[in-house]
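Please open the model in your viewer and keep the sequence panel beside it. The tour below moves from selection to selection, and at each stop it says what is there.

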Amino acid sequence: MTLSSAPGKVYLFGEHAVVYGEPAVPCAIERRARVGVEPREDGKLRVHAEDLSLDGFTVEYGAAADDRPDVDVSESLVTAATQYVDSAIEQVRDATGEDDVGFDVTIESDIPLGAGLGSSAAVAVAAIDAGTRAVGTTLESGELAERAYRTEYDVQEGQASRADTFCSATGGAVRVEGDDCRSIEAPDLPIVVGFDGGAGDTGELVAGVRTLREEYAFAADTVEAIGDVVRNGEEALADGDLAEVGRLMDFNHGLLSALGVSSRSLDSMVWAARDAGAIGAKLTGAGGGGCIVALDPTPETETALSFTPGCEEAFRAELAETGVKRLE
Ligand code: PMV
């Protein structure tokens, strides 16, 4: 078996505004998706997923696009389990020229799905890396990020930024502005994540911001203000000024909240973190539900979150210095 892992991420700054050309700074965290693959000669794809939402679920189907799997689970679950893998395997075939290769694919992930932590990007990166290596090609991280981006772009019908896939492939903190993605220096960040057990609908939330922005000049100004926060945030990260990073994260959350993408549970977790003495706290990703990210070197925020109604899980997450890892 060929096994690769890739990390999830949090947004330190800039989600939503990045859609309108402002910069954003995501940061990879040590919560990973591991994808193992074994080539098979009959061209079929067999996907076995063991993660938070698809525990112990197996589906087997043929190479033809209309060959639907014959399994007794909901269509949406099958779609969720297979779409990203399908599309990632297409990238593997394209990158290696092995047009007819099939795979047994096993996914194991400790990144909650659809919660703003980049689970699909991590699966795409790890699947493409393991799949290409299994047939004798090792992609450098730029091409891996590009192919994983195309996977997300296809599955999400064009609603994807390069942030998640670049960050997952390269690791560390990155700066994304349009098509320009680069790694940036970041101090060791004491990251704490709170998860409400839910997920937001990214498409709907992005559309909501778009409408507000078209309707109100001050909403467009708010998006630009997020861009200013990000630029200040980059400087604070470069200076290693954690207090300033935290202050700017708080500000970023307020602006996202004004754009209507927070939720009661996200706000509760943000306030619980602040009350516990966190250096800063904000929602991460599309919002509407899912995760918050806070900075706190002490155990206080994690403890407070674990007692906060609406918070299902709280955990500390190290910054992932390394993106994709080749395990076997
Ligand atoms: O929830 P996530 O991790 O998929 O992040 C979405 C980030 C947005 O800026 C809202 C959309 C995007 O594609 O950049």
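Predicted model: local features only at pLDDT ≥ 70, side-chain atom pairs only at ≥ 80, totals over all residues.

Residues are numbered from 1 along each chain as its sequence is written, and side-chain values use heavy atoms, with hydrogens and water left out.

**The two domains.** Select residues 2–184 in one colour and 191–317 in another, which are domain 1 and domain 2 in the domain assignment of the protein; such bounds come from an automatic or database assignment. The C-alpha centres of domain 1 and domain 2 are 25 Å apart, and the contact between them (heavy atoms within 4.5 Å) takes 26 residues from domain 1 and 38 residues from domain 2.

**The interface.** Domain 1 and domain 2 bury about 2600 Å² between them, with 68% of it on carbon and sulfur atoms; buried area is the accessible area (1.4 Å probe) that two parts lose on being put together, summed over both. Now show Phe 13, His 16 and Tyr 20, which supply 29% of the area that domain 1 buries against domain 2, more than any other three residues.

Next, select Lys 282 and Glu 15, which form a salt bridge whose closest N and O atoms are 2.9 Å apart. The rule, a side-chain nitrogen of Lys or Arg within 4 Å of a carboxyl oxygen of Asp or Glu, finds four salt bridges across the interface of domain 1 and domain 2.

**The ligand.** Which residues are around the ligand? Select those with a heavy atom within 4 Å of it, and you will find, among them, Lys 9, Tyr 11, Glu 15, His 16, Ser 161, Asp 164 and Gly 285. An N or O atom in the side chain of Lys 9 is 2.7 Å from an oxygen atom of the ligand, whereas in His 16 it is a backbone N or O atom that lies 2.8 Å from a ligand oxygen. For Ser 161, a side-chain N or O atom is 3.2 Å from an oxygen atom of the ligand.

**A helix residue.** Finally, go to Leu 242 in helix H7, residues 242–258; helices here are DSSP runs (H or I, at least four residues), numbered from the N terminus. Leaving aside residues up to four places away in sequence, Leu 242 touches Pro 187, Asp 188, Leu 189, Pro 190 and Ile 279.

Notes. Polar contact = N/O pair within 3.5 Å; in protein donor to acceptor, adjacent residues only side chain to side chain. Helix = DSSP H or I, 4+ residues; strand = E, 2+ residues; numbered from the N terminus.
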